[in-house]
Amino acid sequence: MKQKNFDVIIVGGSYSGLSAAMSLGRSLRQVLVIDSGLLCNRQTPYSHNFITQDGEKPAVISAKAKLQVDLYKTVHFYNGLAVEAVKRDNGFEISTESGEVFSSRKVLFATGVKDLLPEIKGFEDCWGISVLHCPYCHGYEVRNEKTAIIANGEMAFEYAKLISNWTKDLRLCTNGKSTLTLEQIDALKKHGVSVFEDEIEAFEHTNGYVEYIVFKNGEKTAVKAVYAKPPLEQHCSLPITLGCDLNEQGLLKVDAMQKTNIAGIYASGDCTVQMRSVAMAVSTGSFAGAVINKELIDEDF
């Protein structure tokens, strides 16, 4: 790629980054999208709760989006990994793993997050297929099925309340001694939610579709779906090295305009929001693109 200087560099070319790129490209901005090609939901068979794309394969949505964005000659793509970011007086420099350096006035991070999956045999194989994180994305497809939740404490109680909207055949696995209050346990039992405190050994599954949760005491319970919220970390550390703040959930802290605490740096998509969905990623990316364009206009006018 001959061009090295851009109005905006977008790090991350999935749903949110592509949405921002379209917004900026249509605003006649010279945009570079740097992406390593690793979709966070690559194992998920189908995407849901995104109008016009309900039930489509995630990779199909992403590929179609890239084809559409690529029609705008103001948007450029670089396939590779961004490994270093430096703030300069007039903007930013982003270096790639192959040693190329690009500069821009503004930077948008749409880099997603990495789930830190528990060391439970079969968990990773089922993640995104039958081990789920969001009932709004996948709950309808497993409605009224035998379902488990892996969580503990206050989060477990609130999670169980939420999931009970989609199924009443529900069991809560605390994967060790429960930290629920007696009142919470009593409320769960009144609503038919069984509580299992035994540690989990493995998931028995077929091609990622869970059939049994196996406990370390040798017992097991049959399920068709499992909900879990494993801890996460930022997929890309560059915003942190630039001084961007994280919130208590480990997400990049942004204001209502998708701005981080560092002037000129914006963030959108899964790296910024608790509700991780394609629709939310697209929405925040499109808005971030519009905000960045307005900032550039104000600076130049």
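In the predicted model, Leu132 lies in strand 8, which spans residues 131-132. The residue is buried, with a relative accessible area of 3%. Beyond its sequence neighbours up to four places away, Leu132 is in contact with Trp127, His138, Val142 and Tyr159, and also with Ala225, Val226, Tyr227 and Ala228. The C-alpha atom of Leu132 is separated by 9.4 Å from that of Ile149, a residue 17 positions apart from Leu132 along the chain.

The cysteines were examined next. Cys134 is buried, at a relative accessible area of 6%, and the cysteine sulfur closest to its own belongs to Cys137, at 3.4 Å. Because a disulfide requires two cysteine sulfur atoms within 2.5 Å, this separation is too far for a bond. Cys236 is likewise assigned to the buried class, with 10% relative accessibility. For the sulfur of Cys236, the closest cysteine sulfur is that of Cys271, and the distance of 8.7 Å is again too far for a bond. By the distance rule, the count of disulfides is zero.

A further buried position is Ser178, for which the relative accessibility is 13%. Ser178 is placed in the loop that links strand 10 (170-173) with helix 6 (182-190). Its side chain approaches the backbone nitrogen of Leu180 at 3.0 Å. When residues up to four places away in sequence are set aside, Ser178 touches Asn152, Ile185 and Glu197.

The axes of helix 1 (residues 15-25) and helix 8 (residues 278-300) come within 7 Å of each other and cross at roughly 35°. This crossing of helix 1 and helix 8 is right-handed. On the side of helix 1, the contact is made by Tyr15, Ser16, Ser19, Ala20, Ser23 and Leu24. These residues meet Val278, Ala281, Val282, Thr284, Gly285, Ser286, Gly289, Ala290, Ile292 and Asn293 of helix 8. By residue class, the contact of helix 1 with helix 8 comprises eight nonpolar and eight polar residues and no charged ones.

The loop between helix 1 and strand 2 (31-35) contains Ser27, a residue that counts as partly exposed at 27% relative accessibility. Although Ser27 and Lys294 are 267 residues apart in sequence, their C-alpha atoms are 9.6 Å apart in space.

Backbone geometry was considered at two loop positions. Most residues other than glycine have a negative phi. Leu28, located in the loop between helix 1 and strand 2, has a positive phi, near 65°. This leucine is exposed, with a relative accessible area of 69%. A positive phi, of about 80°, is also found at Thr52, which is not a glycine. Thr52 occupies the loop between strand 2 and helix 2 (58-69) and is exposed, with a relative accessible area of 71%.

Note on methods
Residues are numbered from 1 along each chain as its sequence is written. This is a predicted model: local features need pLDDT of at least 70, side-chain atom pairs count only at pLDDT 80 or more; totals for chains, interfaces and linings use all residues. Side-chain values use heavy atoms; hydrogens and water are left out. Buried means under 20% relative accessible area, exposed over 50%, partly exposed in between (1.4 Å probe, protein chains only). Helices (H or I, at least four residues) and strands (E, at least two) are DSSP runs, numbered from the N terminus. A polar contact is a pair of N or O atoms within 3.5 Å; within protein, one must be able to donate a hydrogen and the other to accept it, and residues adjacent in sequence count only if both atoms are side-chain atoms. Contact means heavy atoms within 4.5 Å. Axes are lines fitted to C-alpha atoms, for helices over the stretch in contact, and angles run from 0 to 180 degrees between N-to-C directions. A crossing is left-handed if the near helix is turned anticlockwise from the far one by less than a right angle, and right-handed if clockwise. Ala, Val, Leu, Ile, Met, Phe, Trp, Tyr, Cys and Pro count as nonpolar, Asp, Glu, Lys and Arg as charged, and the others, Gly among them, as polar.
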